Amino acid sequence: MPSHSNENLSKLYFQDFVLEGFGGGLETQAMLFTVFLALYMVTVLGNILMIIVITLDSRLHSPMYFFLKNLSFLDLCYSSVIAPNALANFYSSSKIISFAGCTTQLFFFSLLATTEAFLLGVMAYDRFMAICSPLRYPITMCQSACTRLVLGAYCGGCLNSVVQTSFTFHLPFCSSNRINHFFCDVPPLLQIACGNTAINELLLFGICGLIIVGVTFVILISYGYIIVTILRMSSGAGRRKVFSTCGSHMTAVTLFFGTVFVMYAQPGAIESMEQGKVVSVFYTLVIPMLNPLIYSLRNKDVKEALWRLGQKHMAM
């Protein structure tokens with residue numbers, strides 16, 4: 001009889017996981033629910049507005065804004081992979097997510113987050129071409145080239161996601177089904193696996209570290225050339241415009257890669273899950289919320305496009 005009970009328990013662990021989320025009583029859960037809901041609503045509204053403005057305003061139909069629209073789409077999608085389920089769990093007594101649901105969540109989160117990392121590198125290359133090679137820019141960054149760069153970012157994201165998801169869920173989960181996190185991610189899943197996770201940790205740190213270092217290298221090289229070009233400009237107005245545009249991108253890059261590095265590319269990240277939960281809130285909700293604000297408040301073209309859209313709406 002006991003062995004039959006253990007067998008059923010093992011099956012339950014394999015079929016379902018429990019997302020423990022954040023601790024605390026009802027008041028704490030209510031406060032966190034309010035914070036998460038506010039962050040998510042601003043993220044959705046801000047990124048949808050950015051996509052609409054860039055799509056409708058013909059003055060923004062350039063490579064830079066094509067990439068920015070894709071960035072908004074990625075922010076909207078990968079925050080939506082996490083936030084709705086997290087919000088539901090704040091008032092759920094079971095907090096259960098199925099094995100298939102956990103696999104799907106990890107796959108799409110990894111796909112979209114990795115794609116965003118590559119896209120930020122592409123955006124730096126775009127600024128490099130626009131500022132350092134303005135005569136070649138229209139040819140080099142034509143519509144087909146921009147589309148291929150975005151598709152390449154998605155392919156890179158998909159490859160990393162397939163590797164991380166398949167290797168993670170190939171592990172046996174027989175000791176516990178309680179995930180010490182508010183969504184399915186590689187580090188907390190490795191904590192509850194009862195097999196040897198050395199290869200998984202090597203893949204996590206190795207691939208994520210390689211992506212971060214590689215993309216950061218592209219960004220630093222691009223901005224190194226950009227800074228040299230800016231310093232050679234005689235026009236003060238031109239310098240300010242370039243600094244404003246590039247400053248927005250560098251702010252987004254610093255926020256994104258800073259939090260991702262803390263979570264995935266440093267030794268000991270898997271053990272410090274309490275710190276990981278807080279960091280995860282930043283890159284799953286706070287950064288996707290801030291990106292539209294960063295690019296709209298610091299960008300004269302976007303502000304003017306928003307004003308024109310508002311005037312057109314009022315005229316109707």
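**Close-up views of a predicted model**

**View 1. Helix 2 and helix 3 cross with a left-handed sense.** The structure shown is a predicted model. Sorted by class, the residues in the contact of helix 2 with helix 3 are 19 nonpolar, 7 polar and 2 charged.

**View 2. Helix 4 packs with helix 8 at an angle of about 20°.** Helix 4 is formed by residues 99-132 and helix 8 by residues 198-231, and the two axes are 9 Å apart. Angles under 35 degrees count as roughly parallel, and helix 4 and helix 8 are therefore roughly parallel to each other. Their crossing is left-handed. On helix 4 the contact includes T114, A117, F118, L120 and G121, and also A124, Y125, R127, F128, I131 and C132. Helix 8 contributes I211, V215, V218, I219, S222, Y223, Y225, I226 and T229. By class, this contact of helix 4 with helix 8 has 15 nonpolar residues, 4 polar residues and 1 charged residue.

**View 3. T115 is a residue of helix 4.** Its relative accessibility is 1%, so T115 counts as buried. When neighbours within four places in sequence are set aside, T115 is in contact with L74, A153, Y154 and G157.

**View 4. K95 sits in the loop between helix 3 and strand 2 (96-98).** Most residues other than glycine have a negative phi. For K95, phi is near 55°, a positive value in a residue that is not glycine. The relative accessible area of K95 is 17%, and buried means under 20%, so K95 is buried.

**View 5. Confidence in the protein chain is lowest in helix 1 and highest in helix 6.** Helix 1 (residues 2-15) has a mean pLDDT of 45, whereas helix 6 (residues 143-169) has a mean of 96. Over residues 1-13, pLDDT stays under 50, and for this stretch the model has 5 contacts beyond four places in sequence. The protein chain has an average pLDDT of 85, and 87% of the residues score at least 70.

Notes. Residues are numbered from 1 along each chain as its sequence is written. This is a predicted model: local features need pLDDT of at least 70, side-chain atom pairs count only at pLDDT 80 or more; totals for chains, interfaces and linings use all residues. Side-chain values use heavy atoms; hydrogens and water are left out. Axes are lines fitted to C-alpha atoms, for helices over the stretch in contact, and angles run from 0 to 180 degrees between N-to-C directions. Helices (H or I, at least four residues) and strands (E, at least two) are DSSP runs, numbered from the N terminus. Angles under 35 degrees count as roughly parallel, over 145 as roughly antiparallel, 65 to 115 as roughly perpendicular and the rest as oblique. A crossing is left-handed if the near helix is turned anticlockwise from the far one by less than a right angle, and right-handed if clockwise. Contact means heavy atoms within 4.5 Å. Ala, Val, Leu, Ile, Met, Phe, Trp, Tyr, Cys and Pro count as nonpolar, Asp, Glu, Lys and Arg as charged, and the others, Gly among them, as polar. Buried means under 20% relative accessible area, exposed over 50%, partly exposed in between (1.4 Å probe, protein chains only). pLDDT is the predictor's confidence in each residue, from 0 to 100.
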